[in-house]
Amino acid sequence: MLDASVLDLFADALVVVDAVDGRVVACNRGAEQLLGHTAAEAIGRPWAELVCPAAQAQAQWATLCSVADGESGFEARRRHRDGREVAVEARDPMYPWTRRA
């Protein structure tokens, strides 16, 4: 089990997304500030639903899967809870258990 308090040790906004179903597993304070959703609001919800307009949700999931499968990261604009756009960058996963089996 992931100890979410460890994520708060990082200055970057971190969101851990389940590689199987795309739901948020954990996030840190940086992510809460960047995206406007508390951890309690985000955990268990589909990542794409939180940060993408509905028309982009399927493409977002495909992009996350390609990153989890070893593709390089990407830069994108995502939706803050208040509706404004924010710039984000996703990088290769740090831990092998985030990759699809």
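Predicted model: local features only at pLDDT ≥ 70, side-chain atom pairs only at ≥ 80, totals over all residues.
Me: What makes up the secondary structure of the protein, and in which order do the elements run?
Reply: The protein has 5 helices and 4 strands, and from the N terminus on these elements run α-β-β-α-α-α-α-β-β.

Me: How do you know which element has the lowest confidence and which the highest?
Reply: The mean pLDDT of each element decides: helix H5 (residues 57-68) has the lowest value, 58, whereas H3 has the highest, 94. For the protein as a whole the average pLDDT is 75, with 63% of the residues scoring at least 70. Over residues 94-101 the pLDDT stays under 50, and for this stretch the model has 13 contacts beyond four places in sequence.

Me: Why is His-80 called buried?
Reply: Buried means a relative accessible area under 20%, and His-80 has 9%, so the term applies. His-80 is found in the loop between strand E3 (74-79) and strand E4 (85-90). Leaving out residues up to four places away in sequence, His-80 touches Gln-33, Leu-34, Leu-35, Gly-36 and Val-86.

Me: Why is the pair Arg-81 and Glu-41 called a salt bridge?
Reply: The term requires a side-chain nitrogen of Lys or Arg within 4 Å of a carboxyl oxygen of Asp or Glu; the closest N and O atoms of Arg-81 and Glu-41 are 2.7 Å apart, so the pair qualifies.

Me: What makes Arg-81 exposed, and what makes Glu-41 partly exposed?
Reply: Exposed means over 50%, and Arg-81, with a relative accessible area of 51%, therefore counts as exposed. Glu-41 has 27% relative accessibility, which falls between the 20% and 50% limits, so Glu-41 is partly exposed.

Me: How do you know that Arg-29 and Asp-8 meet in a salt bridge, and which parts of the chain does the pair tie together?
Reply: The N to O distance between the side chains of Arg-29 and Asp-8 is 3.8 Å, and the limit is 4 Å, so this pair also meets the definition. Arg-29 is exposed at 55% relative accessibility, whereas Asp-8, at 28%, is partly exposed. A search of the whole structure finds 5 salt bridges, and the side chains of Arg-23 and Asp-21 form one of them, with an N to O distance of 3.8 Å.

Me: Why are E1 and E2 called a pair of strands?
Reply: Pairing requires at least two bridges between the strands, and E1 and E2 have 3 bridges in the antiparallel sense, so they count as paired. Val-17 has Val-24 in E2 as its bridge partner. The two strands form a hairpin with 6 residues between them, and Gly-22 in the turn has a positive phi of about 75 degrees.

Me: What makes Ala-26 buried?
Reply: The relative accessible area of Ala-26 is 3%, which is under the 20% limit, so this residue of the protein is buried. Ala-26 lies in strand E2 (residues 24-27), and its C-alpha is 8.7 Å from that of Gly-44, a residue 18 places away in sequence.

Me: What makes up the largest nonpolar core, and which element supplies the largest share?
Reply: The largest nonpolar core has 15 residues, and those with the most contacts inside it are Val-24, Cys-27, Leu-35, Ala-42, Trp-47, Leu-50 and Val-51. E2, H2, H3, helix H4 (47-51) and E4 each supply at least two residues of this core, and the largest share, 4 residues, comes from H4. Cys-27 touches Leu-7, Leu-14, Val-15, Glu-32, Ala-39 and Ala-42, not counting residues up to four places away in sequence. In soluble globular proteins, nonpolar side chains tend to be buried together.

Terms used
Residues numbered from 1 in each chain as written. Heavy atoms only, no water. Buried < 20%, exposed > 50% of the residue type's maximum accessible area, 1.4 Å probe, protein only. Contact = heavy atoms within 4.5 Å. Core = buried A, V, L, I, M, F, W, Y, C linked by side-chain atoms within 4.5 Å. pLDDT = per-residue confidence, 0-100.
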